Amino acid sequence: MAGCDIVLHVASPFPSATPKNEDDVIRPAVEGTLRVLKAATATAVKRVVMTSSFAAVGYGYSSTTKPYTEENWTKIDADIFCVY
């Protein structure tokens, strides 16, 4: 990251099937994010932008052609059907 002013952190594990252990997803996500933040700090990056996943809002909404915005939040009470 040396020489960078801004870092975009846009990746995180997203398995196609439910993992046997939630730490199989959570641990690499947390550790990866910490590695990005530590490297950014060590190289004096001015800004780190971290994005979320479509999975955070996309499930629970009906199909639409309307763009999702900051008004769309996770529907924790939605009836979500997943096939694993």
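Buried means under 20% relative accessible area, exposed over 50%, and partly exposed in between (1.4 Å probe, protein chains only). The model is predicted: local features need pLDDT of at least 70, side-chain atom pairs count only at pLDDT 80 or more, and totals for chains, interfaces and linings use all residues. Residues are numbered from 1 along each chain as its sequence is written, and side-chain values use heavy atoms, with hydrogens and water left out.

**Exercise 1.** Decide whether H9 is buried or exposed, and place H9 in the fold.

Step 1. H9 has 14% relative accessibility, so H9 counts as buried.

Step 2. H9 sits in strand β1 (residues 6-9); strands are DSSP runs of E, at least two residues, and helices are runs of H or I, at least four, numbered from the N terminus.

Step 3. Contact means heavy atoms within 4.5 Å. Leaving aside neighbours within four places in sequence, H9 has contacts that include G32, V36 and V49.

**Exercise 2.** Find which residue forms a salt bridge with K46, and state what the pair ties together.

Step 1. A salt bridge is a side-chain nitrogen of Lys or Arg within 4 Å of a carboxyl oxygen of Asp or Glu.

Step 2. K46 meets D5 in a salt bridge (4.0 Å, N to O).

Step 3. K46 lies in the loop between α1 and β2 and D5 in the segment before β1, so the pair ties together parts 41 residues apart in sequence.

Step 4. K46 is exposed at 69% relative accessible area, and D5 is partly exposed at 44%.
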